Amino acid sequence: MNTTSHIAVFASGTGTTLQTLIDEQLQHGYHVALVVANRDCSALARAQNAHIPTLLSKDWTEIDQTLTQHDIQLVVLAGFLAIIPEWICHKWEERIINIHPSLLPKHGGKGMYGIRVQEAVLEAGDTTAGCTVHYVSAEVDGGSIIAQTTVPVLPNDTPDTLSQRVQQAEKLLLPRTIATILHNITQH
Ligand code: GRF
C-alpha cells in the first residue's frame, strides 16, 4: 500500500514557512495533516484556508493525543516560539525537527530567534550565514544536526537583507529534508 506520510506543523507567527510546506507537499510526497499553534496567529488562518485541521493549545497532553489521532509521523517546528517539554522530546525522539536561521551551533539557544539571529551574525563579522534543520531535544537548538545550507554575508547587508536571503534558503532546505527523513523512516 502506498500511503503518504502525515506531518504536523507547529507555528506561532506569520506562518510563511507553513505556507511553503503546504505549497510543496504534493511535490515532496508528504501531507500536512495538522497545524498546532500555541497562540492565535496568521499561521492558523493559513491552515484553515488550506482546509487543514488545527489545534490551538498549550496543553501538551492534548497536543500529544492529537498528534496520535492524526497518525503524525513527523512534527515540524516552523517559527514555533515555545519550549517543548522534556517528556514530549523523549516520547517523540527523532520525530520532531526544527528549522533555525543560523549555522548551528553558532547563534542558537534561548532567546535567539527572529531578527536577533542575523544581528548576531553581523555583529560577529561572519562571512557566511545560513540555516539548520535539526532534531529537537530538551536543550534549545541543541539536538543533532540533520542538514544545513550556507548563504554569503554581503558587505552591505543589514539584518533584514540577510534574513531574507536565509529565509529563501530555508524554504528550499526544509521540504527536501522532510522528504528525506520520511523516506528513511518508511524504509525501517
Ligand atoms: C523561520 O525563519 C525559521 O528560521 C524560524 O522561524 C521563522 C519562521 O517564521 N524558526 P514564519 O514561518 O514566517 O512564521
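Asp-141 sits in the loop between β6 and β7 (145–152), where helices (H or I, at least four residues) and strands (E, at least two) are DSSP runs numbered from the N terminus. Its phi is positive, near 60°, in a residue other than glycine. Most residues other than glycine have a negative phi, and most peptide bonds are trans. Asp-141 is buried, with a relative accessible area of 16%; buried means under 20% relative accessible area, exposed over 50%, and partly exposed in between (1.4 Å probe, protein chains only).

The model is predicted: local features need pLDDT of at least 70, side-chain atom pairs count only at pLDDT 80 or more, and totals for chains, interfaces and linings use all residues. Residues are numbered from 1 along each chain as its sequence is written, and side-chain values use heavy atoms, with hydrogens and water left out.

At 17% relative accessibility, His-107 counts as buried. Pro-105 is found in the loop between β5 and α6 as well, and a cis peptide bond, with omega about 10°, joins Leu-104 to Pro-105.

His-107 also belongs to the lining of the largest cavity, together with Ser-102, Leu-103, Lys-106, Val-121, Asp-126, Thr-128 and Ala-129. On a 1 Å grid over the protein atoms alone, a cavity is a set of points where a 1.4 Å probe fits but cannot get out, whereas a pocket is an open set with protein on both sides within 12 Å along at least five of seven lines; lining residues have an atom within 4 Å of a point. The structure holds 1 cavity of 30 Å³ or more, and the space in the largest cavity is about 30 Å³. Grid points are joined across faces, edges and corners, and a volume is the space filled by probe spheres set on the points. By class, the lining of this cavity has 3 nonpolar, 3 polar and 2 charged residues. Here Ala, Val, Leu, Ile, Met, Phe, Trp, Tyr, Cys and Pro count as nonpolar, Asp, Glu, Lys and Arg as charged, and the others, Gly among them, as polar.

The largest pocket contains about 980 Å³ of space. Its lining consists of 42 residues, and Gly-79, Phe-80, Leu-81, Tyr-113 and Gly-114 lie nearest its centre. At least two lining residues come from each of α1 (16–23), β5 (96–100), α6 (115–124), β6 (128–135) and α7 (159–187). The element that gives the most is α7, with 4 residues. The lining divides into 17 nonpolar, 19 polar and 6 charged residues.

Phe-80 and Leu-81 are also among the residues that Asn-38 touches, as are Ala-11, Ser-12, Leu-56, Ser-57, Lys-58 and Ala-82, not counting residues up to four places away in sequence; contact means heavy atoms within 4.5 Å. Asn-38 lies in the loop between β2 and α3 and counts as buried at 12% relative accessibility. A polar contact of 2.9 Å joins the side chains of Asn-38 and Ser-12. Such a contact is a pair of N or O atoms within 3.5 Å; within protein, one must be able to donate a hydrogen and the other to accept it, and residues adjacent in sequence count only if both atoms are side-chain atoms.

In α1, the buried residues are Thr-17, Leu-18, Thr-20, Leu-21 and Ile-22. They pack against β1, α2, β2, α3 (42–49), β4 and α7. Helix α2 (residues 25–28) contains Gln-25, which is buried at a relative accessible area of 16%. A polar atom of the Gln-25 side chain lies 2.7 Å from the backbone nitrogen of Val-32. Gln-25 touches Tyr-30, His-31 and Val-32, again leaving out residues up to four places away in sequence.

Helix α4 (residues 60–69) has Trp-60, Ile-63, Asp-64, Thr-66 and Leu-67 buried. Seen down the helix axis, these buried residues fall within an arc of 165°, so they line one face of α4; the arc is that of the directions from the helix axis to the C-beta atoms. Thr-68 and Gln-69, on the other side of α4, are exposed. The cover over the buried residues includes β1 (5–11), β2 (30–37), β3 (54–56), β4 (74–77) and α5 (86–91). At the start of α4, a side-chain oxygen of Asp-59 reaches to within 3.0 Å of the backbone nitrogen of Thr-61. After α4 comes Asp-71, with a positive phi near 55°.
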